[in-house]
Amino acid sequence: MESQRPVAIVTGGSRGIGAAIVRRLARAGYDLVVTYRSDETAAEQVAASVASTGSRVELVRADLATDLGIQAPFDVAAERFGRLDALVNNAGISTRYAPLADTPAAEVRRTIEVDFVAAVLGARLAVREFRRLGTGGVIVNITSGAATLGSPGEYTHYAAAKAGLDAFTMGLGKEVGPHGIRVVAVAPGLVDTDLHSTTGDAGRVERMAPGIPLQRAADPDEIAAAVEWLLGPDAGYVTATTLRVAGGR
Ligand code: NDP
């Protein structure tokens with residue numbers, strides 16, 4: 001049966017920024033398909049935390065580095081909710097801080113697969129579904145302030161993947177605007193999540209905070225607030241652009 005509520009897919013919704021987006025959208029009245037890669041317990045906790053909102057949440061375990069993983073949430077949205085209004089391409093990984101020459105090729109490839117290719121192919125499926133349903137829709141890509149900083153000595157391949165996603169947002173937004181589909185990006189700066197544990201720099205958030213004009217990392221919910229606004233009618237004339245939410249950095 002078709003859902004009476006708007007339906008959104010949120011990738012990587014089990015932790016960090018994705019989990020904050022799920023909580024926001026559940027409160028805003030969405031039914032949700034939430035993907036995660038491996039942390040089932042975290043995914044179930046996020047679903048349980050929004051149970052009181054009345055939002056229906058379908059959890060989908062899927063590796064977005066695979067074609068099947070990219071397709072899976074769309075199948076679930078069609079089967080369980082019969083509609084799709086939004087895709088939030090949030091899932092992402094980073095690698096250990098290192099100059100490119102010292103970063104294993106497989107890590108470079110996987111980062112670009114998950115942070116760029118999966119988002120592009122997910123958006124492709126979303127556009128097909130929005131057009132099939134004839135409803136229009138919104139795609140929000142989570143990019144990064146790194147896209148314009150380059151992250152030298154840290155992860156230039158990650159920054160480049162995110163810059164590619166910003167360019168893709170601009171191009172696809174122009175391409176599908178005539179179909180009533182908006183495509184936007186949010187570029188967070190430093191956000192206090194588990195992502196930084198993979199950089200090998202345990203104190204990264206505390207170390208970097210003083211260099212940010214607002215003098216602190218963002219709370220994940222501050223990124224989720226921007227996503228919620230971009231998905232909603234108040235942002236109805238916003239497309240093909242990136243909103244930087246980076247504390248001035
Ligand atoms: P977290 O590491 O906290 O969470 C990442 C999420 O993505 C988890 O739900 C994880 O699932 C999922 N995920 C990771 N790899 C895959 C995969 N191959 N397939 C499917 N799901 C996957 O990250 P953040 O919340 O910090 O980051 C969210 C987004 O924000 C990313 O795109 C990141 O690049 C971007 N960003 C983050 C910043 C920050 O400072 N934190 C700054 C700028 C941008 P599981 O839990 O199962 O592993």
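The legends below describe close-up views of a predicted model. Local features need pLDDT of at least 70 and side-chain atom pairs count only at pLDDT 80 or more, while totals for chains, interfaces and linings use all residues. Residues are numbered from 1 along each chain as its sequence is written, and side-chain values use heavy atoms, without hydrogens and water.

**View 1. The open sheet has seven strands in the order β3-β2-β1-β4-β5-β6-β7, paired in parallel.** Strands (E, at least two residues) and helices (H or I, at least four) are DSSP runs numbered from the N terminus; two strands pair if DSSP finds at least two bridges between them. Because β3 (57-61) and β7 (241-245) each have a single partner strand, one side of each is left without a neighbour in the sheet. Direction ignored, neighbouring strands are turned by 15 degrees against each other on average.

**View 2. Strand β2 (residues 31-36) runs parallel to β3 and is joined to it by five bridges.** Val-33 is opposite Glu-58 of β3.

**View 3. Helices α1 and α8 lie against the sheet.** Contact means heavy atoms within 4.5 Å; axes are lines fitted to C-alpha atoms, for helices over the stretch in contact, with angles from 0 to 180 degrees between N-to-C directions. Helix α8 (residues 220-231) touches β4, β5, β6 and β7, and makes about 165 degrees with β6.

**View 4. The ligand is surrounded by 32 residues (a heavy atom within 4 Å).** The closest are Ser-14, Arg-15, Ser-38, Tyr-158 and Thr-193.

View 5. For polar backbone atoms of Asn-90 the distance is 2.7 Å, and for Val-191 it is 2.8 Å.

Notes:
Polar contact = N/O pair within 3.5 Å; in protein donor to acceptor, adjacent residues only side chain to side chain.
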